[in-house]
Amino acid sequence: QVVLEESGGGLVQPGGSLRLSCAASSASLAYYDLGWFRQAPGKEREGVSCINNSNGTPYYYIDSVKGRFTISRDNAKNAMFLQMNSLKPEDTAVYYCATVVCGDDTMAVVATAVSQSWGQGTQVTVSS
């Protein structure tokens, strides 16, 4: 089983920044569209952002994070990142990465050889 590992979460004050990472040690991620999801307590999991496999072009951001979050990837490092700026308390959630089907206006998780189920995620807490 290939495991995607999220890291970089933590506790930050409102207005602060965090950079999340997603990596796989046992398989290449270069040929897959990738995305970030999050789930807050008492709420359903939602897609946050996704990025193209070939040229690393972002295709989607959920409205609530536009202008504050930036998705990127480095295929040489076999990793994907989410730079989160101007964080708000409502950004508090567990963040997950996965392979996705990605378009200009939407995203959806898809099971692949490198991502077959949800991992542990990384906790982001925004609080004073």
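**Rings, bridges and core**

Modeller: Phe37 has 7% relative accessibility, so Phe37 counts as buried. Buried means under 20% relative accessible area, exposed over 50%, and partly exposed in between, with a 1.4 Å probe and protein chains only. This is a predicted model: local features need pLDDT of at least 70, side-chain atom pairs count only at pLDDT 80 or more, and totals for chains, interfaces and linings use all residues. Residues are numbered from 1 along each chain as its sequence is written, and side-chain values use heavy atoms, with hydrogens and water left out.

Biologist: How many aromatic pairs are there?
Modeller: Two aromatic pairs turn up. Rings of Phe, Tyr and Trp (its six-membered ring) pair if their centres lie within 6.5 Å; planes under 30 degrees apart are stacked, over 60 edge-to-face, and the rest tilted. Phe37 and Trp118 make an edge-to-face pair, 5.0 Å centre to centre with 75° between the planes.

Biologist: Where do Phe37 and Trp118 lie?
Modeller: Phe37 lies in strand E4 and Trp118 in the loop between E10 and E11, so the pair ties together parts 81 residues apart in sequence. Strands (E, at least two residues) and helices (H or I, at least four) are DSSP runs, numbered from the N terminus.

Biologist: Is Trp118 buried, partly exposed or exposed?
Modeller: Trp118 is partly exposed, at 33% relative accessible area. Trp118 also pairs edge-to-face with Tyr96, at 5.8 Å centre to centre and 65° between the planes. That pair links distant parts of the chain, with Tyr96 in strand E9 and Trp118 in the loop between E10 and E11, 22 residues apart.

Biologist: Which ring does Arg19 sit over?
Modeller: The charged end of Arg19 sits over the ring of Phe81, 4.0 Å from its centre.

Biologist: New topic. How many disulfides?
Modeller: A search of the whole structure finds two disulfides, meaning cysteine sulfur pairs within 2.5 Å. One joins Cys22 and Cys97, with sulfur atoms 2.0 Å apart. Cys22 lies in strand E3 and Cys97 in strand E9, so the pair ties together parts 75 residues apart in sequence. Both Cys22 and Cys97 are buried.

Biologist: What does Cys50 join to?
Modeller: Cys50 is joined to Cys102, S to S 1.9 Å. Cys50 lies in strand E5 and Cys102 in strand E9, so this pair ties together parts 52 residues apart in sequence. Cys50 and Cys102 are buried.

Biologist: Which handedness does the Cys50 and Cys102 disulfide have?
Modeller: The torsion about the S-S bond of Cys50 and Cys102 is about 75°, so that disulfide is right-handed. The Cys22 and Cys97 link is right-handed too, with 70° about the S-S bond. Numbered in sequence order, the bonded cysteines pair 1-3, 2-4.

Biologist: OK, the core. Which residues touch the most other members?
Modeller: The largest nonpolar core has 34 residues, and Trp36, Val48, Phe69, Met80, Leu82, Met84 and Tyr95 touch the most other members. Such a core is a set of buried Ala, Val, Leu, Ile, Met, Phe, Trp, Tyr and Cys residues joined through side-chain atoms within 4.5 Å. E9 gives the most to this core, six residues.

Biologist: What does Leu82 touch?
Modeller: Not counting residues up to four places away in sequence, Leu82 touches several residues, including Trp36, Val48, Phe69 and Tyr95. Contact means heavy atoms within 4.5 Å.

Biologist: Why is E8 largely enclosed?
Modeller: Five of the six residues of E8 are buried, so the rest of the structure largely encloses E8. E3 and E8 pair antiparallel over six bridges, and E7 and E8 also pair antiparallel over six bridges. Pairing takes at least two DSSP bridges between two strands. Ala23 stands opposite Ala79 in E8, and Thr70 has Gln83 in E8 as its bridge partner.

Biologist: What about the hairpin of E7 and E8?
Modeller: That hairpin has four residues between the strands, and Asn78 takes a positive phi near 55°.

Technical notes:
Lys NZ or Arg CZ within 6 Å of the ring centre and 35° of its normal.
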